[in-house]
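Dear colleague,

Please find below the structure I am handing over to you, with its sequence. My notes on what was found follow directly after it.

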Amino acid sequence: MRDIVWSDAMKYDQITVSQAIEKIRERHYVLPAIQRKFVWDDKKIIRLFDSLVRGYPIGTFLFWELEKKVANSDEYKFYDFIKGYHQRDNYLHNDTGTVMRETITAVLDGQQRLTSLYIALQGSLAIKKPNRRWNNDSAFPKKELYMNLTFTPTTGEEDDMKYDFEFRDNGEEEEGKKWYKIKDVLKIKNVAEITSYALKQQLNAVESENLSHLWQAICTNSIINYYQVTSNSMDEVLDIFVRVNSGGQVLSKSDLLFSTIVSVWGDARDKIDDLLEKINKKGNRFAFNNDFIMRTCLYLLDFSIALKLKSFKKKNIETVKKNWENISKAIEDTVDLLVEFGFCSENITSYNAIIPIIYFAFKEGNIKSSKDELRKYFIIAQLKKLFGAASNSTLEHTRKNLRQSDDDRSLTSKIFTLSQFNKIKLTGDRNFSFGREDLENVFEENEKNAYTFMMLSLLQPELKLGQIEFHQDHMHPFSAFNKTNLEKLGVNATDIENWQRNRNKLTNLQLLEGRENISKKATSPKDWLKQNKPKYFPKNVSDNIENFNLFAKERKKLMWNKACEIFGLPESDKIQ
């Protein structure tokens, strides 16, 4: 491709915010498929408006103008801006469909800022309240942006907020605050109307001046400074897009690479968004993203897994498109398996460790007969952090071994075994074997975290983790280790320190059904233990807290020796 002559390909211009909003409303401004989803939160939107009213620049925008006949070709796909953003139900941009205007303008750089302006000046924002469930509709109150006209602008540090903005569900006045709905400023045509409104609402000098500054920032100041690309060449536009964005922190590397996919496969964003929405809602929720899907596609189809432009050649993308149905099925089946194992975003430390399981499913491996070994593989990979440093190397090694398995066994009878990875030697002399030192690390170095959950799930395989919510419960309650309480029981200072260090470790934890755990909290440990016999509870050891030292020692022995059996450690490694 020829070098871009910027003066030929681009022109510079300015418009007001209100003019930009009108162009979005008329669907003159749209979003190309190479753009990512809207990700700004209410705090970023508020800071944007504070900058606007202060007269600060809000960055340069990059637009792409193209003719209707070009926009409607099979090569392109465009999306509308989001107006009423809902974090759960309406966070994806809608397809514009057939372009009816003679020309449209696609936003290459500035999507987050323009979408924020559009939401505040035309729509609403609904973000989940903290500590509320995702399936609770009331957890997502619909709010609009307001400005407190009574607020006296501050002149503090440069990064401080000067004006008072807030997303609210109503504009009712509070003591000392007069809330003005931001979108109403678009109804004001001139200064005379500001004066008339101020008189009617009995605004004081500060309130009138704040409203005037807001109106000027939105309706009169040409603060949207943009370059406009006029080329109809997708190759040229994509090159400009990548060059502009790679110079800053606007998009991540995977976002830029994703742009090359959608330039070849127009439906890619819809397909991947649909898949991500589906798998992230499974079980207790996951946090899969575009990066994971892209890397998985490369891995499954035996391409280079490096997230570089050369990995996403047109031929490779066409292959992904052709195999998408089977790829997405393998991913979904694997996530269902993870749900069955009790995993979710809270207890997964490496998403890359999931990819070899997807490969096994994609190659039609016998998942049902391989569950125990797959669970063991996934847990060892995370306990030993094998997909942390040099994860690409680990992925390449595991794929090579799985690929060899395809040659050795028919697909219909193929069973996954962890021993397939026995010969893999990773950087730093790491491997997939699990020995005495690794087991000791789990018991001694972890305190009620994802790793203790993993070990407990191995030690309690009978639990239906995918069907019922389970908690990591303290067998002897955390509160029982209060220093004052232990001193009253006559525990010496050394033991108090050791016991408090060990109360959160594996030997004092069990997986307990959520409802049962809540019930247990309302019962004394001694009374609860009379009715319940937890797994790996040492015999002939009193359930009184005074005997915690002996309890922890004996319970570790029971759990340790069972773990030795699970991981195939020699008899000599067991605790006698």
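Directly after helix H15 comes Lys385, which has a positive phi near 55 degrees. Please bear in mind throughout that this is a predicted model.

Helix H15 itself is made up of 13 residues and extends 18 Å from its first C-alpha to its last, close to the 18 Å expected at 1.5 Å a residue. Because 10 of the 13 residues of H15 are buried, the helix is largely enclosed by the rest of the structure. The buried residues are Leu374, Arg375, Lys376, Tyr377, Phe378, Ile379, Ile380, Ala381, Gln382 and Leu383. Their cover includes helix H13 (324-340), as well as H14, H17, H18 and H23.

Two further residues with positive phi deserve a mention. Glu364, which is not a glycine, has a phi of about 65 degrees. Glu364 sits in the loop between helix H14 (355-362) and H15, and it counts as exposed because its relative accessibility is 56%, where the cut-off for exposed is over 50%. Lys448, likewise a residue other than glycine, has a positive phi near 40 degrees. Lys448 belongs to the loop between H17 and H18, and its relative accessibility of 36% makes it partly exposed.

The N-terminal end of H18 is capped by Asn449, with a side-chain oxygen 3.0 Å from the backbone nitrogen of Tyr451. How many of the residues of H18 are buried? The count is 10 of the 10, so H18 is largely enclosed by the rest of the structure. Among these buried residues are Ala450, Tyr451, Phe453, Met454 and Leu459. The elements that cover them include helix H15 (371-383), helix H17 (436-445), strands S12 and S13, and helix H23.

Strand S12 (residues 470-474) is mostly covered as well, with four of its five residues buried. It pairs with strand S13 (residues 509-513) in the antiparallel sense, over five bridges. Within this pairing, His471 has Leu512 of S13 as its bridge partner.

The largest pocket holds about 940 Å³ of space. It is lined by 27 residues, of which Arg133, Asn284, Cys344, Glu346 and Glu469 are the closest to its centre. The elements that contribute two or more residues to this lining are helix H18 (450-459) and S12. Which of the elements gives the most to the lining of the largest pocket? That element is S12, with three residues.

The largest cavity has a volume of about 100 Å³. Its lining consists of Ile261, Trp265, Ile272, Ile293, Met294, Cys297, Leu298, Phe312, Asn316, Ile317, Val320 and Trp324. Helix H11 (290-300) and helix H12 (314-322) are the elements that give two or more residues to that lining. H11 gives the most, with four residues.

Another helix that I would ask you to examine is H7 (residues 205-220). H7 has 16 residues and reaches 21 Å from its first C-alpha to its last, close to the 22 Å expected at 1.5 Å a residue. Its N-terminal end is capped by Asn204, where a side-chain oxygen lies 3.1 Å from the backbone nitrogen of Val206. The buried residues of H7 are Glu207, Ser208, Asn210, Leu211, Ser212, Leu214, Trp215, Ala217, Ile218 and Cys219. The elements covering them include helix H2 (17-25), helix H3 (42-54), helix H5 (111-122), strand S8 (144-148), strand S10 (179-181) and helix H6 (191-200).

Finally, there is Lys574, found in the segment after helix H23 (548-567). Is Lys574 buried or exposed? Lys574 counts as buried because its relative accessibility is 15%, and the cut-off for buried is under 20%. Apart from neighbours within four places in sequence, Lys574 is in contact with Arg436, Trp560, Asn561, Cys564 and Glu565.

With kind regards

Note on methods
Residues numbered from 1 in each chain as written. Predicted model: local features only at pLDDT ≥ 70, side-chain atom pairs only at ≥ 80, totals over all residues. Heavy atoms only, no water. Buried < 20%, exposed > 50% of the residue type's maximum accessible area, 1.4 Å probe, protein only. Pairing = 2+ DSSP bridges. Expected span 1.5 Å × (residues − 1). Contact = heavy atoms within 4.5 Å. Polar contact = N/O pair within 3.5 Å; in protein donor to acceptor, adjacent residues only side chain to side chain. 1 Å grid on protein atoms, 1.4 Å probe; cavity = no way out; pocket = protein on both sides within 12 Å on 5 of 7 lines; lining within 4 Å. Points joined across faces, edges and corners; volume = space filled by probe spheres on them.
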